[in-house]
Amino acid sequence: MSHPEKLKILLVDDRPENLLSLKTLLEGPDLEFLLAESGNEALNLMLDHDLALVLLDVQMPGMDGFEVAELMRRNMRTRHVPIIFVTAINKERRHQFHGYEAGAVDYLFKPLDPFIIRSKVNVFLEIKRQQLGRKKLLVELNQANNRLQEISARKSEFLAAASHELRTPLTVIKEYTSLVLEGVVGPLNKEQQRCLEAAYRNCNRLAGLVDDLLDLDSIESGQSRLLRTRVEPLGLIQEVLADFRDKMAQSGLKLEWQPAADIPAVLADADLVTQVLYNLLGNAQKFVPAGGTVRVELAPDGRGGVLVTVADDGPGISPQDRERVFEKFTRLERKKTRAGGTGLGLSLSRKLVEMQGGRLELESELGQGCVFRFDLPGYTPENHLEAFVADGCRAGGGADTPWTLLHLRGWAEDPEAEILLEENVVRLFRAGEDRVASFEADGERRQLVLLRTARDGAAAFLTRLREQLEDGPEALRGLEYGFQTLDSAGRLEGVVSFQPLLEELKVLGRRS
């Protein structure tokens, strides 16, 4: 069993008898006392020990207590150590004020009252104990966090390897099953047809389970790629519904589409929104009995974004299970369902919506159907720029490494120049973390390049870009550029000031 660390108290007085009496007065089982008879001796001890408290005599030959306190406050190691002045002489208020100005937390007069001195000392010792406890807890939390990260990395490696090993034979099974179902190898009787259809359905289900596991793991480990852009939700939802109309009809379900007028554009990842809609509509198809209705609504949310609703008149979910359905591997017992689920779809869908700045919620009662709603933020050039940077930094491992955002503009009237610029920018990418995007701001098109490098690296990137563009269209001669660096939290720093690219880069090229 480890013993608690002893707290160190420094006693400073030029009279040895005073040091002995003060030590005797304050002694405790978890305390260690350091004794100094001069200011210089005290300062040397402070540099060698982690102190909980200093009791300091004011009137001492050579260096007095005020000088010692002022020197303590100038040193990073001793700046925050509490000081209690103890004196038998300097009792005037001006001396007390001087002591507090020097950094004292208290000012006591001799002869000392044993009860008062013990009470005051115990207050500061308890503060020190709490500080040490927090420090120890922080070390333990960091160790646990490192261990969890190691376990998570191993889990991701296992899932990646397992999915590869599963997908290869699964693809072969699906292909051969499909060939037999299509009659390529000969006719089938009804029982054979039924068995093979069940096998084919379960192959698809297993493939979906593998995909969901990998998607969920990539989100939880912070490795998923997110690319939010301007999305027209009306057209996106209509495309998804076109894929589901025949499926719903085959299941005996009616699919209703109720979009509101004046739907704004949103900032979202179109692929992820599509995945969420497929999960919600797929759930409705599985759990709503034949003859039921699935309704999809799209409306402004009143904050510049949109609210998407997927509602049905199926069996519903009890209030105590409404949050459970968003937990991983949760499958509620339901009667008359067409197929089982993996228990991952809704958990994954909620995380995908949250990644895009929204929230997925459920309203339901038993026997009254389910209403799933999720919101997406409205699009503006400003939040597009912030999202472009945040998504790139997130995919590249965070903003603790240098990042630079490069803006390019000046080719809007020449489509050939824009194509050439995009091709050359992509060709110069040095790593998978770099990203490129085009967007409009202040009525003009800009090309954005997020580089995992400091400004000097971005300047070298521009130099290579100039060399490739020198023989390009005349419109690129007027191309302009601007830099923005990121702070430690991944936020943009400074304002972009544009300069002619080709002329300035000749200077940059000579410097690099």
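An axis here is a line fitted to C-alpha atoms, for a helix over the stretch in contact, and an angle runs from 0 to 180 degrees between N-to-C directions. Keep in mind that this is a predicted model.

**Stop 1: a helix pair**

Select residues 39-48, helix α2, and residues 65-74, helix α3; their axes cross at roughly 25 degrees and come within 10 Å. Angles under 35 degrees count as roughly parallel, so α2 and α3 are roughly parallel to each other. The crossing of these two helices is right-handed. Now show side chains: from α2, G39, L43 and M46 meet V68, L71 and M72 of α3. By type, the residues of this α2 and α3 contact divide into 5 nonpolar, 1 polar and no charged.

**Stop 2: the sheet**

Next, colour the strands. What is the order of the 5 strands in the open sheet? Across the sheet the order reads β2-β1-β3-β4-β5, with parallel pairing. Residues 31-36 (β2) and 106-109 (β5) are the edge strands; each has a single partner strand, so one side of each is left without a neighbour in the sheet. On average, neighbouring strands of this sheet are turned by 20 degrees against each other, direction ignored.

Zoom in on residues 53-57, strand β3, and residues 83-87, strand β4, which pair in the parallel sense over 4 bridges. Pick D57 and look across to β4: the residue opposite is V86.

**Stop 3: helices on the sheet**

**Stop 4: another helix pair**

Move to residues 270-287, helix α8, and residues 345-355, helix α9. Their axes are 9 Å apart and the helices pack at an angle of about 150 degrees. Angles over 145 degrees count as roughly antiparallel, and α8 and α9 are therefore roughly antiparallel to each other. α8 passes α9 in a left-handed crossing.

Which residues of α8 and α9 make the contact? On α8, select L272, Q275, V276, N279, L280 and N283. On α9, select G345, L346, L348, S349, L352, V353 and M355. The residues of the contact of α8 with α9 comprise 8 nonpolar, 5 polar and no charged.

Notes:
Residues numbered from 1 in each chain as written. Predicted model: local features only at pLDDT ≥ 70, side-chain atom pairs only at ≥ 80, totals over all residues. Heavy atoms only, no water. Pairing = 2+ DSSP bridges. Parallel < 35°, antiparallel > 145°, perpendicular 65-115°, else oblique. Left-handed = near helix turned anticlockwise from the far one by under 90°. Contact = heavy atoms within 4.5 Å. Nonpolar A, V, L, I, M, F, W, Y, C, P; charged D, E, K, R; others polar.
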